[in-house]
Amino acid sequence: MNPETVIDAVSAVFMVVGALMSLGAAVGLLRFPDLMSRMHAATKPQVLGLFLLLAALGLQMRTWWVWPVLVVAWLFQLLTVPVSAHMVGRAGYRTKHLHPELLSADELEAVVQKAAQKAARQAAARHGTDDDADR
Amino acid sequence: MMQIVLTVTAVVLSLAAAGAIIRIARGPSLLDRVLAADVLLAIFGAALCIDMAANRHLNNLMLLVAISLIGFVGSVTVARFVADRRENVRES
Amino acid sequence: MNRKRISLRQELPLLVWLVFVWGALWQNFSPGNLLFGALIAVVVARVFYLPPVELGGRFNVLRAVPFAVVFLGKVVAASFQVLYLAVVRGPDVVSAIVAVPLRSHSDLLVTATGHVISLIPGSLVVEVDRSTSTLYIHGINVRNAQDAAKLRKEVRDTEAGLIRIMGTKEELSALAQEAAA
């Protein structure tokens, strides 16, 4: 076995597995019941899939100077994926995209309710004092 | 061997794209659709990557980076400005 | 201008990163190109001023390399776990939102911990409370209090690993005391 065939075989395996990761994300999107679990399916396989495909590309090119740009591309993905997932999840929680019956515990809800009550009390208090202060 | 790999990945990615499009069409809420669109962009990126690896060129590399950044900016923007416009909140 | 001056030492990681990206995008690491990239990096960092990231002042490479390897392994495990859950469990999957108080209050460590645990198996950050430095994490396949405790421990361990890499000395000694106790 010469090294060329080995490299080709490895990159072929990487490409197929990387493509399967995309399929896994799509299956997760279709089968999971609520937005939050779909987010897991949308983010995690993407990262590994791109890693494998970029590695296959680097192996196929057989030059060292493509690796830094591949690393940069993957690091960008690594930095952006959690941020966008967090933003979507946060918006999803705040706009009540949750199915409470699918959660075994929700430790955020109590905190949110307490904060909402406090804000309401403060608003009421401010409203009362404003009337006196303004005149 | 590359021909087989190309065929297999083409089939797999087409199925994945079909799944994401079904979710975009069906997705009960806006955020579901944004998420599925993000996955669809990632699938396009994967297709570009496989094309480059199979044909040994780097023409689409910058396009790949741009696609992932556009997906990021798009989903963050929508998530930032999404409002709850459904009437029955607990039903999605 | 009443901006806080940043020392060159504090700015150096950013500049090195910018020069690396420049070289990578040109796919050319010749000295002349790198020098021009460094010039542009300095101009960009001066003109498009951003508040400096408060680094802990130390970076342990010996701890960072094993952490990176374990992290890569966990990224792989995360994808296969989601794949398994999507195919086998599907609609019956049960999740939970778990509150995890962190030890550190520095922006950098909370952000890094949030990023890392968003990429390792079964957890996503839903909400961050900066005042108490608490992360609210959506864990997939968390069926009971035991699973939630496991998730909490995983997050705390991740944070401990990050503190060992780049936390401040105070955080490090607090961690050592906690481990001894």
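Why does Arg62(A) count as exposed?

## Arg62 of chain A

Let's start with that question, bearing in mind that this is a predicted model. Arg62(A) counts as exposed because it has 10 C-beta neighbours inside 10 Å, and the cut-off for exposed is 12 or fewer.

As for its setting, Arg62(A) sits in the loop between H2 and H3 of chain A. Its backbone deserves a look too: Arg62(A) is not a glycine, yet its phi is positive, at about 60°. For context, most residues other than glycine have a negative phi.

## Ser133 of chain C

You will find Ser133(C) in the loop between strand E2 (123-129) and strand E3 (134-140) of chain C.

Is Ser133(C) exposed or partly exposed? With 19 other C-beta atoms within 10 Å, Ser133(C) is partly exposed, since a residue is buried only if 20 or more lie within that distance.

## Where chains A and B meet

Now to the contact between chains A and B. Chain A brings 43 residues to it, and chain B brings 45 residues. On the side of chain A that touches chain B, the elements giving two or more residues are helix H1 (3-31), helix H2 (35-61) and helix H3 (67-94).

Which of these gives the largest share? That is H1(A), with 15 residues. By residue type, the side of chain A that touches chain B divides into 28 nonpolar, twelve polar and three charged residues.

Definitions and conventions
Residues are numbered from 1 along each chain as its sequence is written. Chains are lettered from A and ligands numbered from 1 in the order in which they are written. This is a predicted model: local features need pLDDT of at least 70, side-chain atom pairs count only at pLDDT 80 or more; totals for chains, interfaces and linings use all residues. Two residues are in contact if their C-beta atoms, placed from the backbone, lie within 7 Å. Helices (H or I, at least four residues) and strands (E, at least two) are DSSP runs, numbered from the N terminus. Ala, Val, Leu, Ile, Met, Phe, Trp, Tyr, Cys and Pro count as nonpolar, Asp, Glu, Lys and Arg as charged, and the others, Gly among them, as polar.
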